[in-house]
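Please look at how charged side chains can be paired with one another, and follow a few such pairs one by one.

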Amino acid sequence: MVLRGVRARYSKGVFEPLDDVDLPEDQEVLLTVDDRPSPKRDPEAVRAGAGGWVGQHDPEELKRQLYEARITGSREPPAP
């Protein structure tokens, strides 16, 4: 079982997928409805968050930490 989000439009009592769902015909699924406006429909929400991280983090330091985590691993070694 894979949990994933699929955008859909509700029209005339039917949910119509906006993305490819790649499911067998008649596959039963559970829909969770998030009716908050998407950034596509609410450009002001995108503008409000734009630049919020400017000056807060050093991108080069973040890259260094990511590469280090890939080399050393991010999990504790298993107990003997």
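What follows is a walk through some of the salt bridges in this predicted model.

Side chains of opposite charge can pair when their charged atoms come close. In this structure the count comes to 6 salt bridges, and a few of them are described here.

Let us begin with arginine 7 and aspartate 19, whose side chains meet in a salt bridge with a distance of 3.6 Å from N to O. Arginine 7 lies in the segment before β1 (8-11), whereas aspartate 19 lies in the loop between β2 (14-17) and α1 (43-49), so this pair ties together parts that are 12 residues apart in sequence. Arginine 7 is partly exposed, at 45% relative accessibility, and aspartate 19 is also partly exposed, with a relative accessible area of 31%.

We can now turn to helix α2 (residues 59-72), where glutamate 60 and lysine 63 lie 3 residues apart, which is about one turn of the helix. Their side chains meet in a salt bridge of 3.1 Å, N to O. Glutamate 60 counts as exposed, because its relative accessible area of 51% is over the 50% cut-off, while lysine 63, at 39% relative accessibility, is partly exposed.

In helix α2 we also find arginine 64 and glutamate 61, again 3 residues apart and separated by about one helical turn. These two form a salt bridge in which the closest N and O atoms are 2.7 Å apart. Arginine 64 is partly exposed at 41%, and glutamate 61 is partly exposed at 28%. This pair belongs to a network of salt bridges that links Glu61, Arg64 and Glu68.

How values were computed: Residues are numbered from 1 along each chain as its sequence is written. This is a predicted model: local features need pLDDT of at least 70, side-chain atom pairs count only at pLDDT 80 or more; totals for chains, interfaces and linings use all residues. Side-chain values use heavy atoms; hydrogens and water are left out. A salt bridge is a side-chain nitrogen of Lys or Arg within 4 Å of a carboxyl oxygen of Asp or Glu. Helices (H or I, at least four residues) and strands (E, at least two) are DSSP runs, numbered from the N terminus. Buried means under 20% relative accessible area, exposed over 50%, partly exposed in between (1.4 Å probe, protein chains only).
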